[in-house]
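Subject: A structure for you to look at

Hello,

Here is the structure I promised to pass on. Please open it beside this email, and then read on for what was found in it.

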Amino acid sequence: MPLHRARIAKAALELMAEEGLDALTMRALAARVDVQGATLYHHFANKQQLCDRMAETLLAEAWTSPQPGESWRDWVRDRALALRGVMQRYRDGARLLAGFRPGDSFEPETLERLVEPMVSAGFAREKAVNVLLAIGRYTLGWTLDEQEAAVRNGEDRLSRCAISFELGLDAMIDGFAASLGKQPEDAVLWRRLISARLWRLMRLLRASAELRYGREIGLPELDRRLMMAVGEAPITSTGLITLTGHDKAQISRAVRRLTEAGVLRRMGVRDPLTLTKAGQARAAEFARLAEQRNGELVEGIAEEAIADFLATIAKLTESATALLAIEKALAAGPSAAGDEEGPLGFDIAPAAVDAALRGLVTPALITLFVYVQRSAALAYKRLIGLTNFDWLILSHITQRAPLPLALLNAIVGRDRSQSGRTVKRLEEAGLVERSRETGRRETLLTVTPRGKAAHDVLAEEALRRNAVLTEGVGTPAIDRLLAVLDRLTANAEAQLDRERARETGE
């Protein structure tokens with residue numbers, strides 16, 4: 001049987017169940033799976049990475065998706081009981097989860113997908129996530145105390161504690177249920193922000209695209225987009241800027257890379273770009289993969305719903321283009337954007353660029369998202385002096401405080417150094433602060449009063465921009481758009497899961 005991460009984690013859980021977490025060493029585990037110790041380090045750099053994967057395995061077993069028609073109360077209660085049961089089945093199971101450090105494989109979108117029944121019942125999405133985190137920590141703390149007491153006292157208190165645990169659990173659920181209808185208006189309105197929904201979906205699409213295209217083609221996302229744009233007809237660099245929404249510097253660097261690679265050519269600096277023969281072959285590969293990925297993304301969605309969705313996206317893109325023009329004028333030119341974050345970037349060029357790709361969903365979403373993001377960057381800098389990424393970090397800390405730093409890294413999907421630099425900058429500006437609970441290594445982030453004031457200013461601006469973006473579209477069309485976005489997001493999650501499985505061979 002081939003050795004892979006899932007098999008190693010399963011063997012490690014079995015070893016822990018038999019001998020305890022302290023007895024779990026890389027040497028003992030290597031002997032159990034009959035390999036040399038060094039072999040394990042090809043899969044896990046250290047014991048902490050191994051323990052994190054073991055914890056993810058337990059969590060995946062406990063936090064299953066809601067069943068159709070299942071009430072949020074029943075689902076939350078059953079998941080808490082399942083989580084406690086999973087920890088009880090393994091010696092030191094609670095200690096293992098208490099030491100869990102979410103890394104790159106931890107996907108907050110999974111947690112957010114699980115809360116859909118709570119959102120449908122009236123919870124704001126952010127509050128629903130926090131409810132699950134609160135109940136999860138209650139369950140973890142309770143089980144940790146049970147297992148440690150059993151070791152100290154040499155007795156099994158699990159059955160005697162079950163009634164007390166469920167009493168506390170029901171009280172928490174009743175309290176959260178009673179809070180429905182008492183949520184701030186902004187928390188409810190935030191759920192309707194087009195930009196927030198787009199960001200969530202785009203992040204998933206980018207992650208899966210990087211795995212698929214990186215495995216089969218190997219070019220950066222912007223380079224792929226430009227090649228597809230040029231593939232329709234010769235186009236200038238200025239035309240690429242207009243079509244993609246990227247700034248001049250980004251387009252210039254990408255064009256230089258592709259020209260040096262021998263896939264793009266032009267007679268002069270101001271002349272249109274065309275594909276070389278090699279570039280045409282690569283573009284055909286992109287088109288094939290894009291069509292395959294589009295089929296996966298729209299699975300289960302009616303053709304007429306997709307057509308209606310794309311028509312609405314086109315209207316929103318017109319408004320987003322106008323918003324960017326206004327912000328550029330207010331900033332006295334695009335150079336005022338300064339340190340604005342670059343767009344996330346994705347698979348291919350806008351759908352209108354290539355007739356063969358018309359009807360694809362991702363290109364249309366990319367264009368809308370890039371224009372929304374660039375105008376937002378100018379607006380936020382004009383109002384508060386923050387970049388898009390600063391605002392992203394500040395909003396997550398405000399909505400989820402106290403927020404573990406490790407969880408923040410996973411939520412925003414950037415490397416730890418970038419998140420760390422941004423948190424430090426926000427600290428120096430007096431907007432956020434760090435703390436540690438007694439006896440814990442975990443760094444917690446909270447927002448200061450000044451940070452909350454800055455957040456409220458930008459939240460109000462985000463709501464205003466959302467109103468401008470959707471003006472004239474109509475509530476029924478927006479409701480249909482959001483419904484399709486949610487379905488696309490679920491499909492994108494499944495798409496990313498498949499790509500990750502291919503990468504790991506699991």
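Is Phe 165 buried or exposed? Phe 165 is buried, since its relative accessible area is 0% and the cut-off for buried is under 20%. Please keep in mind as you look that this is a predicted model. Arg 84 lies over the face of Phe 165, 4.9 Å from the ring centre.

Phe 165 also belongs to an aromatic cluster, together with Tyr 138 and Trp 142. In total, the model has four aromatic pairs. One of them joins Tyr 138 and Trp 142, a tilted pair with 5.9 Å from centre to centre and 55 degrees between the planes. Both of these residues sit in helix α9 (residues 125-153), four residues apart, which is about one turn of the helix. Trp 142 has a relative accessibility of 25%, so it counts as partly exposed.

How are the rings of Tyr 138 and Phe 165 arranged? Their centres are 5.3 Å apart and their planes are at 10 degrees, so this pair is stacked. Because Tyr 138 is in helix α9 and Phe 165 is in helix α10 (residues 158-178), the pair ties together parts that are 27 residues apart in sequence.

Next, the nonpolar cores. The largest has 61 residues. Among the residues with the most contacts inside this core are Leu 201, Phe 309, Val 361 and Leu 488. Several helices each supply at least two of its residues, including α12 (194-216), α17 (303-330), α18 (361-383) and α23 (475-504). Which helix gives the largest share of this core? That is α18, with eleven residues. A second, separate core has 50 residues, among them Phe 44, Trp 72, Ala 94 and Ala 128.

There is also an open sheet of three strands, in the order β3-β5-β4, with antiparallel pairing. β3 (403-404) and β4 (432-436) stand at the edges with a single partner strand each, so one side of each has no neighbour in the sheet. Two bridges join β3 to β5 (residues 443-447).

Most residues other than glycine have a negative phi. Asp 34, however, has a positive phi near 60 degrees, and Asp 92 has a positive phi near 65 degrees. Asp 34 is in the loop between α2 (26-32) and α3 (37-40), while Asp 92 is in the loop between α5 (72-89) and α6 (93-98). Asp 34 is exposed, with a relative accessible area of 69%, whereas Asp 92 is buried, at 13%.

Finally, a word on confidence. The chain averages a pLDDT of 78, and 80% of the residues score at least 70. Over residues 182-190 the pLDDT is below 50, and this stretch has 14 contacts in the model beyond near neighbours in sequence. Residues 334-358 also stay under 50, with 85 contacts beyond four places in sequence. Where pLDDT is low, the predicted coordinates should not be read in detail.

Enjoy exploring!

Best wishes

Definitions and conventions. Residues are numbered from 1 along each chain as its sequence is written. This is a predicted model: local features need pLDDT of at least 70, side-chain atom pairs count only at pLDDT 80 or more; totals for chains, interfaces and linings use all residues. Side-chain values use heavy atoms; hydrogens and water are left out. Buried means under 20% relative accessible area, exposed over 50%, partly exposed in between (1.4 Å probe, protein chains only). Rings of Phe, Tyr and Trp (its six-membered ring) pair if their centres lie within 6.5 Å; planes under 30 degrees apart count as stacked, over 60 as edge-to-face and the rest as tilted. A charge sits over a ring if NZ of Lys or CZ of Arg is within 6 Å of the ring centre and within 35 degrees of the ring normal. pLDDT is the predictor's confidence in each residue, from 0 to 100. Contact means heavy atoms within 4.5 Å. A nonpolar core is a set of buried Ala, Val, Leu, Ile, Met, Phe, Trp, Tyr and Cys residues joined through side-chain atoms within 4.5 Å. Two strands pair if DSSP finds at least two bridges between them.
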